[in-house]
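Try each task before you read its solution.

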Amino acid sequence: MILLSIISLFTILLPSGMVFYQWKSTDIATRPIRLLLIITLILDSIIYYYFITGQNKNNMFLFHVFTFLEMILLILYFRSFFRQNWIRRMFFVLLLLFSVMVVLNIFYWESLDDFPSIPRTIECVVVMILSILFFINLFQQSTVSSLMRYNHFWLVSGLLLFFAGTFFMNIVGSLVINKNDLGFNVYDIHSFLNIFLNIIYTIALWMSSRRLISAQ
Amino acid sequence: MDEQQTLDLGTVIILGTMGMIILAMGVVVFFFIYQRRMIAKQNELTMLELQHQKELMGAVIQTKELEQRRIALELHDDVGSTLTAIKFSVSSFTIGDKDKELLNNNLADAIQKVRRISNDLLPSILEELGLITAVKSLIKTLNDNKTVNYVFESFGEQIRHPKDVELACYRVLQELLNNILKYAHATEVRVEIVLSQSGLVVIVTDDGDGFVPEDHTNHERPSLGLKNIESRIQQIKGEITYEKRLPKGTKVLIDWKRHE
């Protein structure tokens, strides 16, 4: 199902288009997500370039770089919802630990040519925990009256579903990434979830712009 | 054997992924429903608190009226009677005519003041003769003050509504007229009352600076007088609306409907 992978790659154009459309947006909370979308667009463009030029070079190093940047930006995104100083400091500790782990992983366990199974799995667990903490924090503050109109609820729900869905795939990623005899392509699951996440990103950014316009 | 293990791995991935997605969806749905319930509960609590505040305000007004009634009766029956008795006794005193006249004048003045205070605290005319006569009397008193011209008109049937409704309307009218005199810089004030079996309408119009409470709620706390007006109208389940008139002035409309 090469077609599904290509569609999945191209769906990044939707949210990144929204980022460029709202380039001067003053919504600080979604800034890490906007940056993440631009990075994803650049990396997806490189992957697509490799694909159309028929270069069969191993591009797993891109996945290592992407995982690292994605985790850092998501930690910064979730950090913006917490006001207590000690929790904000814990986010920095988490960020530092993850950075150290990524470097150690490259040197000792999974080289730049291997699938970054360990950082991806840790990233999934961290994002799932942070999503639940976000919900708990949201209800403790009880400042949002309608969740359906709250863009961050859409964003965090999308992230939770995506990382929960790719969790198993990431655990066994290094084992099955090149296997074609599973009866299905493992990467198709990722493609489906990636399309879903990109749609959620688009909805959330669109809602963010509408919220700011109505607030002016 | 190896092929079997590969297929098992595929099943584990599919089932695991589906399980995780269902779990994540469950979490999202749980928080969504939980939040809706929490908001509903908060709204319910706010409503209860508002209701409680209304009841408290009602109790405060009722207590105030009772206390005013007690003081008014004390003044009228006790202090007033004592002063009148003293006035009669003075005539039998062996003092100079000039001193007697001065004493008599002072006592008459004191009796008049006690009557006025007593009447302000408990407008007996309202209880005995009804809203129209009481307002007529109030307007007559106010017209003695020549700075503002007060005009009063009544329409409809000569009927009586419940005492608490008449008292609330009278007190609100007193407060409105007092506010106009203090803040509106008006030269003419018009009071109209329409009485019918189904309810009553009180309309107060002036040619002053123009006032609506909404203009003051953003940066100021509503005054005690306005709160009082609101509470009294809520107590009788009536409605009050303020609107600015063109080119200047304010129109206040009190509408009360009989609830059978």
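A salt bridge here is a side-chain nitrogen of Lys or Arg within 4 Å of a carboxyl oxygen of Asp or Glu. Please keep in mind that this is a predicted model, in which local features need pLDDT of at least 70 and side-chain atom pairs count only at pLDDT 80 or more, while totals for chains, interfaces and linings use all residues. Residues are numbered from 1 along each chain as its sequence is written, chains are lettered from A and ligands numbered from 1 in the order in which they are written, and side-chain values use heavy atoms, with hydrogens and water left out.

**Exercise 1. Find how many salt bridges the structure holds over all chains, then look at Arg70(B).**

Step 1. Over all chains, the structure holds ten salt bridges.
Step 2. Arg70(B) pairs with Glu67(B) in a salt bridge whose closest N and O atoms are 2.9 Å apart.
Step 3. Both residues sit in helix H1 (residues 2-90) of chain B; because they are three residues apart there, about one helical turn separates them. (Helices are DSSP runs of H or I with at least four residues, strands are E runs of at least two, and both are numbered from the N terminus.)

**Exercise 2. Describe the interface of chain B and chain A.**

Step 1. Begin with area: about 2200 Å² is buried between the two chains, with 85% given by carbon and sulfur atoms. Buried area is the accessible area (1.4 Å probe) that two parts lose on being put together, summed over both.
Step 2. On the chain B side, Ile13(B), Met20(B) and Phe31(B) lose the most area to chain A, together 25% of what that side buries.
Step 3. Count the residues in contact (heavy atoms within 4.5 Å): chain B gives 22 and chain A gives 27.
Step 4. Now check for charge pairs: there are zero salt bridges between chain B and chain A.

**Exercise 3. Examine the backbone at His185(B) and Pro247(B) in chain B.**

Step 1. Start from the background: most residues other than glycine have a negative phi, and most peptide bonds are trans.
Step 2. His185(B) is not a glycine, yet has a positive phi of about 55°. His185(B) lies in the loop between helix H5 (163-184) and strand S2 (188-196) of chain B.
Step 3. Leu246(B) and Pro247(B) are joined by a cis peptide bond, with omega about 0°. Pro247(B) belongs to the loop between strand S4 (239-244) and strand S5 (250-257) of chain B.
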